[in-house]
Structures are given as C-alpha cells and as structure tokens.
Amino acid sequence: MSEAERNLRELCRQYQALLLNEDEKTITVALAGMPTTEMLEALHFTSQRRVQIERWPQARLEQYQQAEASGAGSMPEPITPLVDHLLLRAFQRRASDIHIEPCAAGMRVRLRIDGVLQPLQNISETQQAALIARLKILGNLDIAERRLPQDGQFTLQLQGVQAAFRLSTLPVRAGEKAVIRLLQSESQDLALDKLGMPPAALTHFRSALAQPQGLILVTGPTGSGKTFTLYSGLNALNQPGSNLCSVEDPVEIPLPGVNQTQINPRAGLDFQRVLRALLRQDPDVIMLGEIRDAESAEIAVKAAQTGHLVLSTLHTNSTTETLTRLGQMGIPGYLLASALRLVIAQRLVRRLCPHCRAPAEKIEDLPAQSWTGSLQNWQAVGCDHCFSGYYGRLALFEMLPINSELQTAIADNASSETLSLLAQRQQLNSLFVEGLNAVNRGETSLAEVYRVIGVGHG
C-alpha cells in the first residue's frame, strides 16, 4: 500500500467513512450521514480526484468495518471492481444466473446462459472471503452469519442500464456458495404475439384471457419461461377499467398499472396472507406467482369461481399431469371442473445460431404418431457470435383447453389415463411434436429437444 493510499484510508477513518473503490479519476466512499464540505474538500485535496459518495445505513457501514477488522473486507478496493466486472460480464453475455462456488483451491464462477451453465473464471483463495463479504454488503445481508442461508436483492448501474439482482448464499462443505439471479428491471416486449405461440395455441390463450372469470395455469419446471407467459397475459388484460393485482416472489418485471406485491416471509407476509388480502381489494384479475401448496391452490380455485380471472403457475411436466396434481393437493374435482379454463405446459429450448448452424443427416425413423416422413435435423457448430452453437431461446407450448368433456371427467374424478385420452381427442400438439416442428424449421436441434423434453413421444 502506497503512502498516498494510507493517508487516504486514514482520512476516511477520521470521518467514519469507508474507501470502497478508486480509479484514475474518482474515489468512491461510503458514509452513513451527509458528507460535510470540510470532508469533501479534504478527500479531494488528498486524492486529487473526484469524490463520489455512497449513502449507507449505519448498520451496513458497521458490518463492513467488522468485516475489515476480521480480514474478510481488508481489500475492498480490488474486490469491488472484481465484483462489478463479474456482474458486467454476466449482463453482457445474457446470463440468467451467476454461480460462485468454493472448490479445492479458491472459487469457480459459472454463468447460466440460455439455460446451460458455462465456466467463466476462477477466483483465488485469497479473494474468497472478501468476495462473499462484498456480495453480502450489496445484498444487505449479515456478513458475520456464515452458517445459515441468506437471501437479498440489490441494483447497480451497468453500461447505463439499471440492473437488478437477487442474491442467495448457502453454506457448503468448502465454505459459502453464492448464486446471483439477474432480474428483469427494464420493460420488455410483453405482446402476446411475441411469445412464439403457434396461431391455434395463441387463439386458445386469447380466448381464456377474454373470460370474465376462471383459472389459467402455466406449467413446467423452473426456468421454462412460465412467469414471462403470465406477464404477457397480464399485460394484455392491463386496461384502465380493470383492477389487476399480483403476488410474487420476487416481482420480476415491473408492470405499470398492476398492483404488484412481493412476499416477505420474514415479516410474516406469505403467499396465503397476501392472497386473502387481495380478495378484499376488489380485484378483477389476480396473478399468483406460483401455486405452492394446498392452501394457495384452494384460494386460487375459489377466487376463480367467484368472479375473478386468476393466472398462476404450477411445477408439473404436462398439461394432464396438472389435473392430477391439483386433485392430489386436495382440490375436489367438482370445484376444479367449474374453475379451470386452460392449462399451458411449456419449455424453453436453445435457438440455433443462424450464423453457424449446419444441416445434419435427415431422420427417417421417428414414431408415426409424432412425425410422418423425414425430419431435417441441424447441428450446433459454434462461432464468435454464439460460442456454443446456440444464441437465445424459443418457447414450446402444449395447450389443453378445458372443454365440456374434460369438465365432466374432472368433476367425476376420472383417472389420469381417461383425462389423457380426452386431451388427445382435441388433436393439439404435444410438447415433443412442437419441438420436432421447431427442429424441422431449423430453429433448434433434435439433441436440444431431447435434452429439454426427454425422449418420450407424448
């Protein structure tokens, strides 16, 4: 540490401030109160640079000072740019998540891009504690707590864009792992016709959204784009004459005109409590981020029966499995039959890079019920534009409108086999068939469809 740097740090200590970062033109200092003119002049004179102030709560400032004293935050100036650099690279490469995990020597960093984890870089062992401490500071977490999982959120300016992040820490064998989710804080194009639904599927979705009441469910595993489909539906209903309310964990896309509530379990604000309160808020449309248990399922179904349009998600693999799962959650068949309007199952597959995709050998031996004739397959090659052969993702949808036949069967608690047969009678494409169509159009590869959907030919 140079003499000038020591003087600068000592000056910060005198004013109960923290030196966070410095470059050729600017020093960044954290302070609990308002900076005095005397302090600003002293810092400017000593550093000969512009002084940027971050206002921190007193508790957060004290946590960082404790971390410095223990050695975890003893190097904030090299750690802050490192964290900023990691977040910026993730943002530039369209990552949805950053995984920072301790390993035998230091930590490895991986980015989830288009649903698949890809290595980014390694972090040295000497920076491990300071890196986690800096992330906890950003997420307003307890730096000293290393034995329990913690969750937080923060926002940063990246390339002129306000980027929002959700942080989760977890104790693992070699230390603490951190996963950072990049949240969507800018407005996106939520038009229904931009979802990528085939015309027939889009017609079913628009028809269900036009109903004055009822339940629309979007199903699929984590990371399959369910929430975006819900937001698009909600956006289509967002009219001055309607009261739209949502309960989410967290609010992923801010929607002007929609009353969005984020749950806070630590404060006692859970899904059930918010849902019950929403029903007293005179809503026309309710979006429930996820049906998690029997109680939230019951409230959603009853709300859909009593004059509200309810949109929600469920973690199931197919449209017909959703009907069975709700029965297992204790929803009586007669209630579900009168409430449910539409079930959408969806998946996201990686889109082939248009710059480097290459035709592969045609496939002739697909089961007749899934595909007739030959299927044009494609190869993911990889180039400077995409690195992996894929760039971006496209959604596949399987629709199940609840017609009168299905309503009767659900009310009679019919078996899953009976429900599947009735669903097939509607002659709507399964997820697998939708995937084959996308392969034949050159949008994705058969290997990608198998990876995401499996080899079942439903």
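Is cysteine 103 buried or partly exposed?

1. Cysteine 103 is partly exposed at 33% relative accessible area, whereas cysteine 12 is buried at 2% (buried is under 20%, exposed over 50%, partly exposed in between; 1.4 Å probe, protein chains only). The disulfide count is zero, taking a disulfide as two cysteine sulfur atoms within 2.5 Å.

2. A word on the model: it is predicted, with local features needing pLDDT of at least 70 and side-chain atom pairs counting only at pLDDT 80 or more, while totals for chains, interfaces and linings use all residues. Residues are numbered from 1 along each chain as its sequence is written, and side-chain values use heavy atoms, without hydrogens and water.

3. Six of its six residues are buried, so β14 is largely enclosed by the rest of the structure. One side carries Leu309, Leu311 and Thr313, the other Val310, Ser312 and Leu314.

4. As for its neighbours, β14 pairs in parallel with β10 (residues 214-219) over six bridges and with β13 (residues 285-288) over four; pairing takes at least two DSSP bridges. Leucine 217 sits opposite serine 312, and valine 285 has leucine 309 as its bridge partner.

5. Glutamine 272 belongs to helix α8 (residues 271-278) and is buried at 10%. Its side chain makes a polar contact with that of aspartate 293 at 2.7 Å (N or O atoms within 3.5 Å; within protein, one able to donate a hydrogen and the other to accept it, with sequence-adjacent residues counting only if both atoms are side-chain atoms).

Note on methods: Helix = DSSP H or I, 4+ residues; strand = E, 2+ residues; numbered from the N terminus.
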